[in-house]
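Here are a few notes to read with the model open beside you. Take them one at a time and find each part as you go.

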Amino acid sequence: MASYKKEKSVIWDWLTTVDHKKLGIMYLIAGTLFFVKAGLMAVFMRIQLMFPENTFLSGQTFNEFITMHGTIMLFLAATPLLFGFMNYFIPLQIGARDVAFPFVNALGFWIFMSGGLLLSLSWFFGGGPDAGWTAYVPLSLNENQLGLDFYVLGLQVSGIGTLISAINFLVTIINMRAPGMTMMRLPLFVWTSFVTSTLILFAFTPLAAGLALLMLERIFDAQFFNPTAGGNVVIWQHIFWIFGHPEVYILVLPAFGIISEVIPAFSRKRLFGYTAMVFATMIIAFLGFMVWAHHMFTVGIGPVANSIFAIATMTIAVPTGIKIFNWLFTMWGGKITFNTSMLFASSFVPTFVLGGVTGVMLAMAPVDYLYHDTYFVVAHFHYIIVGGIVFALFAGLFYWYPKMFNHKLNEKMGKWFFVLFTIGFHLTFFIQHFLGLMGMPRRVYTYLGGQGLDDFNLISTVGTFFMSAAVILLVINIIYSAFKGERVIGINDPWDARTLEWATPTPVPEYNFAQTPQIRSLDPLFYEKVHGDGTMKPAEPVGDIHMPNGSILPLIISIGLFFGGFGLIMLEMDNPIVSPWIVLAVGAVLTFGSMALRSINDDHGYHIPKSVVQADLKKWGGGK
Ligand code: HEM
Ligand SMILES: [Cu+2]
């Protein structure tokens with residue numbers, strides 16, 4: 001067994017870490033970088049559409065930007081940002097010392113990263129994929145477009161990372177809860193993360209299968225989809241949307257979870273209708289799988305299928321409405337603090353409702369025949385995705401920031417950021433509803449002037465500049481606050497909040513809880529403030545704490561998968577510098593070799609001795 005406190009360099013420490021808190025921060029940083037990248041593409045697309053017949057971007061580049069913007073935002077920005085919060089806060093909220101499989105957790109992060117980098121490499125090999133984020137065949141069968149191979153293999157690799165991380169969250173939430181933390185006492189963020197992980201399990205598997213088929217067709221000349229060889233293009237659409245519709249809920253349910261944490265904390269009331277919220281989450285998840293064909297109304301699947309999928313889709317409004325009203329009732333009569341976090345959380349509610357209403361409109365099949373592939377759809381899903389998920393991410397960022405980084409973000413700049421972003425958001429996307437109603441198609445890189453589209457497109461683009469200014473202000477805020485922000489070191493609970501993560505010391509020690517807490521209620525910390533002395537009761541005596549060792553193997557395994565994916569893509573290149581089979585072999589050796597090493601190596605982790613834990617307790621307080 002390794003000795004305690006081996007000195008490691010900072011970089012080596014982060015490359016080998018299996019600590020859920022560090023991995024959470026790494027997810028946040030990676031997600032932010034991808035968010036900025038995809039955001040810049042959005043700005044460029046909007047600049048292109050600012051004036052009629054603009055020539056800022058070529059049609060080909062525009063198609064590549066659309067595809068990469070959507071793909072990156074969904075898979076490499078929104079998902080990892082949510083995973084960042086999940087990684088950091090699920091163990092803290094359930095009173096655990098880490099996730100169930102810390103090694104797998106690190107593996108999930110690095111595999112996700114290597115898939116993301118693989119996808120991004122497409123720019124250096126003839127341009128990004130250009131068939132839209134849905135990669136519809138036969139567009140995505142274009143032999144001359146190497147970018148599509150990067151799409152297929154980049155998503156395949158990063159999807160493996162997402163899948164194993166989700167399985168890890170499921171096991172963690174089922175197995176690692178502190179004594180007394182029953183399922184019906186889980187914070188809503190943990191509940192929604194649990195349901196989201198289930199969705200990932202059942203949605204990313206069909207995606208993996210679909211991508212595998214597309215890979216076989218593109219690289220090994222199989223014929224599943226190619227109509228000229230007897231294949232069927234509609235099969236791809238079914239497989240894609242059986243994944244693609246649940247994907248929206250994979251992103252939005254944890255966003256619901258964040259809102260359900262922030263609103264009670266700053267309304268100084270318990271969440272209204274906890275049980276209903278839990279069951280509404282499950283019903284939304286279940287229905288989310290039943291409605292995929294509403295993306296295919298215009299494909300010609302027939303009036304009966306269209307009607308069934310239309311009604312199933314509209315049904316989702318019921319559990320969603322339950323959630324909306326429960327948030328409103330939570331705020332109703334509460335002592336509300338409108339700080340930046342609460343501003344985002346409370347304005348999430350009406351914005352999301354707007355996106356939901358246009359969703360119900362699109363769910364009516366005959367109406368969809370009119371709106372399909374117009375800017376109305378673009379407006380609809382950005383109200384859900386930006387007005388919902390991104391607003392929730394910002395609410396969560398300002399709320400949890402002090403626990404993660406030991407200081408608060410500046411409130412004054414935060415409020416300016418909120419104002420700028422909200423104005424920009426509505427300017428950009430509200431107007432697009434009308435562009436759509438006036439018939440402007442989506443996924444076009446230019447339009448003729450004098451058709452009544454000019455002014456609205458200009459306004460929409462100006463809105464994007466407001467949002468960009470807001471994001472720059474957020475970055476300034478983060479840098480400024482790192483030096484000048486209000487310190488909360490030693491202050492465990494700066495918001496006077498309700499849930500268990502605020503019972504840990506700030507900064508959070510590597511073992512999270514010196515003693516596993518005894519949970520006596522929903523909102524456990526609030527319960528102890530009212531019925532106890534304000535600190536959690538321990539469920540175990542102070543003792544040695546067992547911790548897992550860090551490992552470089554997750555990084556090496558994912559480098560192996562990177563080579564594997566790249567090798568497959570090289571099979572499609574005209575004159576590769578080395579034989580693709582060599583690259584594939586290197587990838588296989590790295591991946592399977594590291595796996596074998598991991599299997600035969602007996603790693604028992606290490607112990608933090610009782611004396612160190614006791615010293616910490618004396619310093620930070622809280623123990624008995
Ligand atoms: C915040 C500022 C954003 C702006 C200004 C923006 C802008 C755009 C534009 C101009 C398009 C092309 C529309 C078309 O012609 O069909 C687009 C498409 C898309 N956006 Fe965004 N977007 C933003 C944020 C997001 C976010 C946060 C996400 C997801 C997390 C997202 C997901 C998508 C998707 C999936 C598409 C469809 C891509 C495709 O058709 O293949 N966007 N966006
Ligand atoms: Cu859908």
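1. Start with the contact between the domains: domain 1 and domain 2 bury about 1,500 Å² between them, and 86% of that is on carbon and sulfur atoms. Keep in mind that this is a predicted model.

2. Now get your bearings along the chain. Domain 1 is made of 187-267 plus 269-334, while domain 2 takes 344-391 plus 413-490. Their C-alpha centres sit 21 Å apart.

3. How many residues touch across the boundary? On the domain 1 side there are 21, in contact with 16 from domain 2.

4. What about charges and polar pairs?

5. Next, look at who supplies the domain 1 side. Helices α7 (233-267), α9 (303-315) and α10 (317-331) each bring at least two residues to it. The biggest giver is α7, with eight residues. Sorted by class, this side of domain 1 has 16 nonpolar residues, five polar ones and no charged ones.

6. Which residues hold the copper ion (ligand 2)? His-245 coordinates through ND1, and His-294 and His-295 each through NE2, at 1.6 to 2.0 Å. Along the chain these donors follow the spacing H-x48-H-H.

7. Trace that spacing in the fold. His-245 is in helix α7, whereas His-294 is in the loop between α8 (274-288) and α9, so this pair ties together parts 49 residues apart in sequence.

Technical notes:
Residues are numbered from 1 along each chain as its sequence is written. Chains are lettered from A and ligands numbered from 1 in the order in which they are written. This is a predicted model: local features need pLDDT of at least 70, side-chain atom pairs count only at pLDDT 80 or more; totals for chains, interfaces and linings use all residues. Side-chain values use heavy atoms; hydrogens and water are left out. Domain bounds come from an automatic or database domain assignment. Contact means heavy atoms within 4.5 Å. Buried area is the accessible area (1.4 Å probe) that two parts lose on being put together, summed over both. Helices (H or I, at least four residues) and strands (E, at least two) are DSSP runs, numbered from the N terminus. Ala, Val, Leu, Ile, Met, Phe, Trp, Tyr, Cys and Pro count as nonpolar, Asp, Glu, Lys and Arg as charged, and the others, Gly among them, as polar. Donors are N, O and S atoms within 2.8 Å of the metal (3.2 Å for Na, K and Ca); water is not among the atoms, so sites may look incomplete.
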